[in-house]
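My entries follow in the order in which I made them.

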Amino acid sequence: MKLFDVYQLNDITIVKAKDSYVWDENGVKYLDMYGGHAVISIGHTHPHWVRRIEDQLHAIAFYSNSVKIPIQQGLADKLGKISGKDDYQLFLCNSGAEATENALKLASFHNGKKKIIAFRKSFHGRTSLAVAATDNPAIVAPVNQTDNVVFLPFNDEEALKSYFQTKGNEVCAVIVEGIQGVGGINVATESFLQLIRHLCDQNDAVYIADSVQCGYGRSGKFFSHDYACVNADIYCMAKGMGNGFPVGGILIAPHIKPKPGMLGTTFGGNQLACAAALAVLEVMEQDDLIEKAKQRGQYLMNRLKAIKGIENVRGRGLMVGFDVPDELKDLRKNLLYKHNIFTGEAKPNVIRLLPALTITRKLMDEFLDVLQEEIASLLSVQVESSVGN
Ligand SMILES: Cc1ncc(COP(=O)(O)O)c(C=O)c1O
């Protein structure tokens, strides 16, 4: 049987990983500045995480949500403490798309309305409503198309106000990434998020903070939306939550009340996933990783800003992006194949850096030195070829 061919693959097979490094089948070592797709928060194969999963596996891996699962409460307590949202409620699922899908659905159950405001360049996942709220027609199937979602320009306060002025009473929810990831590392301004909060309050709409990529400490705060100092009604989480173990969830404000059967899932919140997620929070707390992400991210950004050739360095904490001009279009490929460094991308010309929150300054220096060297080499080839012409 063939695999369904939907991924653009690099011709590399990764077989081993440790903290910020991964190794291929030939023993070649790679620096992971991509965090395995923004997923690795506490470092690959962290020993505490491995041990917790192993111990849980020997006790019980899975039993359904038809029985009490105390480790879910343990996870909720720890999440409440570390995120500062201890009066919120936790619903667990398995992925980012499921988190946003459940958030949107819950918002609609809550206020009985249908209209969703999303923003240009947003990405919220590939399930039905999540993909409908994603600004990429190429991945929206005809069956997912709906008039219930409207896209407004990101960070445009006037456009948001004017939409609410005319249709505010119809708005069910506003869904927004604190830092757009797939869209190219675009940081939501604090005043934009504050305005969303204000307009949602005025119009009985639900403010949904999609923190799947920008959350879980990566930005230097637990949720990047927290920089605006206003609370969302629902926070979506996944990626960094399990450090590679598939787990997602939503945090739900106390005024949104549950009803039996309103949401549900077979696998969500299983014992093994909770053990992985708890291990992540324990390491984050013990090693002060949120503060470290902030400081290391600042250092990374400052040094990137001093590198000539790349443009618009931006981001927060360890969620950083920059534009790559046309003359450096081979930069990402060369970093991977010449220098064994994984980075992320956002089309058409953005490099995304999403390393583990445990990355050291030494490793960042190594990366930055290589980056600088490779940029100089690409630019010198350009100069030579233009002199030769
Ligand atoms: C902001 C955001 N929301 C949702 C998702 C969907 O997550 P998943 O791929 O786990 O379904 C992603 C994935 O990249 C994302 O970046």
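I looked up Lys78 and found it partly exposed, at 21% relative accessibility; the classes are buried for under 20% relative accessible area, exposed for over 50% and partly exposed in between, with a 1.4 Å probe and protein chains only. This is a predicted model, in which local features need pLDDT of at least 70 and side-chain atom pairs count only at pLDDT 80 or more, while totals for chains, interfaces and linings use all residues. Residues are numbered from 1 along each chain as its sequence is written, and side-chain values use heavy atoms, with hydrogens and water left out.

Lys78 forms a salt bridge with Glu285, at 2.6 Å from N to O. I took a salt bridge as a side-chain nitrogen of Lys or Arg within 4 Å of a carboxyl oxygen of Asp or Glu. Lys78 is in helix 3 and Glu285 in helix 8, 207 residues apart; helices (H or I, at least four residues) and strands (E, at least two) are DSSP runs, numbered from the N terminus. Glu285 is partly exposed as well, with a relative accessible area of 33%. Lys81 joins Lys78 and Glu285 in a network of salt bridges.

I noted 17 salt bridges in the structure. In one of them, Glu282 pairs with Arg52, and their closest N and O atoms are 2.8 Å apart. Glu282 belongs to helix 8 and Arg52 to helix 2, so this pair ties together parts 230 residues apart in sequence. Glu282 is buried at 18% relative accessibility, whereas Arg52 is partly exposed at 26%.

I then looked up Asp226, which forms a salt bridge with Lys85 at 3.0 Å between the closest N and O atoms. Asp226 sits in the loop between strand 10 (206-210) and strand 11 (234-237), and Lys85 in the loop between helix 3 and strand 4 (89-93), 141 residues away. Asp226 is buried, with a relative accessible area of 15%, and Lys85 is buried at 7%.

Which residues of helix 2 are buried? I found Trp49, Ile53 and Gln56. Viewed down the helix axis, they fall within an arc of 65°, so they line one face of helix 2; the arc is that of the directions from the axis to the C-beta atoms. The buried residues pack against helix 3 (70-83) and helix 8 (271-286), contact meaning heavy atoms within 4.5 Å. Asp55, His58 and Ala59 are exposed on the other side of helix 2.

I took a nonpolar core as a set of buried Ala, Val, Leu, Ile, Met, Phe, Trp, Tyr and Cys residues joined through side-chain atoms within 4.5 Å. The largest has 89 residues, and Leu304 and Leu331 touch the most other members. Helix 8 gives the most to this core, with 12 residues. A second, separate core of 26 residues includes Leu106 and Ile175.

Entry 5, strand 5. I found 5 of the 5 residues of strand 5 (residues 115-119) buried, so the strand is largely enclosed by the rest of the structure. Lys115, Ile117 and Phe119 lie on one side, and Ile116 and Ala118 on the other. Strand 5 runs parallel to strand 7 (residues 171-177), with 3 bridges, and Ile116 stands opposite Ala173. Strand 5 also runs parallel to strand 6 (residues 149-152), with 4 bridges; two strands pair if DSSP finds at least two bridges between them. Ile117 has Val150 as its bridge partner in strand 6.
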